[in-house]
Amino acid sequence: MSAILSAEKITRSFGGLLALSDVSLEVGEGELVGLIGPNGAGKTTFFNVLTGLTRPDAGQVRLCGQDITGLRPDRIAALGLARTFQNIRLFGNMSLLDNVLVAGQVHARCGLMAGLVGLPSGRREERTARTRAIELLSLVGLADHALAPAGSLSYGDRRRLEIARALALGPKVLLLDEPAAGMNPAEKQGLAEFILGIKKAFGLAVLLIEHHVPLVMGICDRVAVLDFGQLLAVGRPEDIRKDRAVISAYLGGTA
Amino acid sequence: MTPAWFIQSLLNGLSIGSVYAVFALGYTLVFSILGIINFAHGAVFTLGAYLTYALAVGSFGLNGLLAGVSLPFTLPFFPALLLGGFLAGLAGMAVERLAFRPLRRRGADALLALVSSLGVALILVNLIQYLAGAEIYAFPADVFGGLPPAVIFRVAGKPVAVRTAQIILFAVSLIMLAGLMWAISRTRAGKALRAVAENTDTAALLGINVNLFILGTFFLSGVLGGMAGTLIGTSYGISGPYFGVAYGLKGLAVIVLGGLGSIPGAVLGGLVIGLGEAFLPADMSSWKEAVPFVLLFAVLLIRPQGLLGERMEQKV
Ligand SMILES: Nc1ncnc2c1ncn2[C@@H]1O[C@H](COP(=O)(O)OP(=O)(O)OP(=O)(O)O)[C@@H](O)[C@H]1O
Ligand SMILES: [Mg+2]
């Protein structure tokens, strides 16, 4: 399997704290990889490094073979790496539709100017973008509220809107940071199926941070375990369950 | 208080207030994106007035370095206003590149940009003084071409005079305000701009080139400032290189009164202050400069977040 996203020996520290130490991980085309680990293990920092928000002290990130280390976040996003946030980050004052439209801009071929002065080509493109945004909203079941402000949504709906917005980038790889946080077991199950569904429908590779181990073990092709910035293990769920280091550091009671 | 006085004051207030709104929006745009006041905005306002003057009149006064120099061409007023505004927009971009971006890149405290923008303002103002002298510039009476200088009509037997300059002030400001509001709320670029304003990191992760939008914002802000300077200059004359200082402060009063960062707030604040000045009785006219700050003080006592401002929330 060819790696679509690969991180090689990523190291990052904050002051004296080593948040990531020599972490290497690959995600293959169409693969769903789970990333688990206790609080403060460095999972979100790893996402921040991948997406260009945080520069690694050392190491390299590649997307489709291209070195993207140190690129601006918007360039990385445009190259096909999209994410959601642990602490949801919607544009609360903007409508659901506008939240999704903002992300679709990367694919606008006409310049912003064309849309600004209302050229026919710009208008046509604006219409297609709108149609696509509505499709994405209906995919996550929110099309009925397209014009409501994002701030008015319930917690679970916000998480789903964030996913729709990330998908609007037309990504090759989707990074989900605890998308099931705060959901009840039934909602979590629904989300798991939803993730599998979009992965298949969009041909996505997905890297999923999630604390709920059974969910991760249930849907992921492979699982990586981080602890204190160290990658303890990577492997198929059934192997991870048996891994001694993982059991003692993290799975303890759960396995 | 006659009906004619009331109508006259109302028209005067709306006219000047709409220009205050245009000018103040320049502050608001930058503030809503970077969370800081651009102290060079008043200098760009001054620069815009001088540039339009130069383009429309073709000469540069008597005691600056450019005294005696004349442009090989002059433009009619409206093309000069637009070109002057455009050039002021470029000056706004220069302010971002010189005063704001270098500090942002190094992750400096946002407050420091306040100082560096003040520095750029001083440089601009001194440059203007050096080149164009310290004298007063008045646009020639026929700057609007063949238009009559004023429209006079009667209300309850008393005359009300509306100067052509005032009508142009009001009309141009209204068009700019409406255009800007439309662009921000309806177009893709406007939506991206709002996204950048809400959270720059998140906007970047959605593929938006944040620095480009910040640069564009400074351009727009410069256009607004420069055109406001021209409009006020045509109506009241350009009082010298420090022309923009008093208006710069007034603009600050406008945005705080309206609510920091709020676009409708800047418009409302501009109108309130313009009307407040216009309705000041004639025998108190020496207090005119104090009006914005008295209004500001009164409003902040009742609404600390300004007329249309939201309560300050910590940016996450
Ligand atoms: N910008 C920062 N400055 C300083 N320390 C940071 C910064 N970002 C993260 N850290 C620290 O790095 C460590 C890893 O944090 P990170 O958010 O990556 O953990 P996590 O695995 O996502 O945890 P959680 O499960 O709680 O989300 C933590 O100790 C955190 O305090
Ligand atoms: Mg985290």
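User: How many cavities of 30 Å³ or more does a search of the whole structure find?

Analyst: Rolling a probe the size of a water molecule over the atoms shows where empty space is left. In this predicted model, the search of the whole structure finds one cavity of 30 Å³ or more. The largest cavity holds about 40 Å³ of space.

User: Which residues line the largest cavity?

Analyst: The lining includes Val49(A), Leu50(A), Gly52(A), Thr54(A) and Arg55(A). Pro56(A), Val61(A), Ile68(A), Thr69(A), Gly70(A) and Ile76(A) also belong to the lining. Sorted by class, the lining has six nonpolar, four polar and one charged residues.

User: Now the ligand. Which residues come nearest to ligand 1?

Analyst: There are 13 residues around ligand 1, and Gly40(A), Lys43(A), Thr44(A), Thr45(A) and Gln86(A) come nearest. By class, this shell has four nonpolar, seven polar and two charged residues.

User: What lies 2.8 Å from an oxygen atom of ligand 1?

Analyst: A polar backbone atom of Gly40(A) is at 2.8 Å from an oxygen atom of the ligand, and a polar side-chain atom of Lys43(A) is 2.8 Å from an oxygen atom of ligand 1. For His211(A), a polar side-chain atom lies 3.0 Å from an oxygen atom of ligand 1. On its own, ligand 1 has 630 Å² of accessible area, of which the protein covers 62%.

User: Which elements give two or more residues to the shell around ligand 1?

Analyst: They are strand 2 (17–28) and helix 1 (43–50) of chain A. Helix 1 of chain A gives the largest share of the shell, three residues.

Notes
Residues are numbered from 1 along each chain as its sequence is written. Chains are lettered from A and ligands numbered from 1 in the order in which they are written. This is a predicted model: local features need pLDDT of at least 70, side-chain atom pairs count only at pLDDT 80 or more; totals for chains, interfaces and linings use all residues. Side-chain values use heavy atoms; hydrogens and water are left out. A residue is near a molecule or strand if one of its heavy atoms lies within 4 Å of it. A polar contact is a pair of N or O atoms within 3.5 Å; within protein, one must be able to donate a hydrogen and the other to accept it, and residues adjacent in sequence count only if both atoms are side-chain atoms. Accessible areas come from the Shrake-Rupley method with a 1.4 Å probe; for residues, only the protein chains shown count as cover. Helices (H or I, at least four residues) and strands (E, at least two) are DSSP runs, numbered from the N terminus. Ala, Val, Leu, Ile, Met, Phe, Trp, Tyr, Cys and Pro count as nonpolar, Asp, Glu, Lys and Arg as charged, and the others, Gly among them, as polar. On a 1 Å grid over the protein atoms alone, a cavity is a set of points where a 1.4 Å probe fits but cannot get out, and a pocket is an open set with protein on both sides within 12 Å along at least five of seven lines; lining residues have an atom within 4 Å of a point. Grid points are joined across faces, edges and corners, and a volume is the space filled by probe spheres set on the points.
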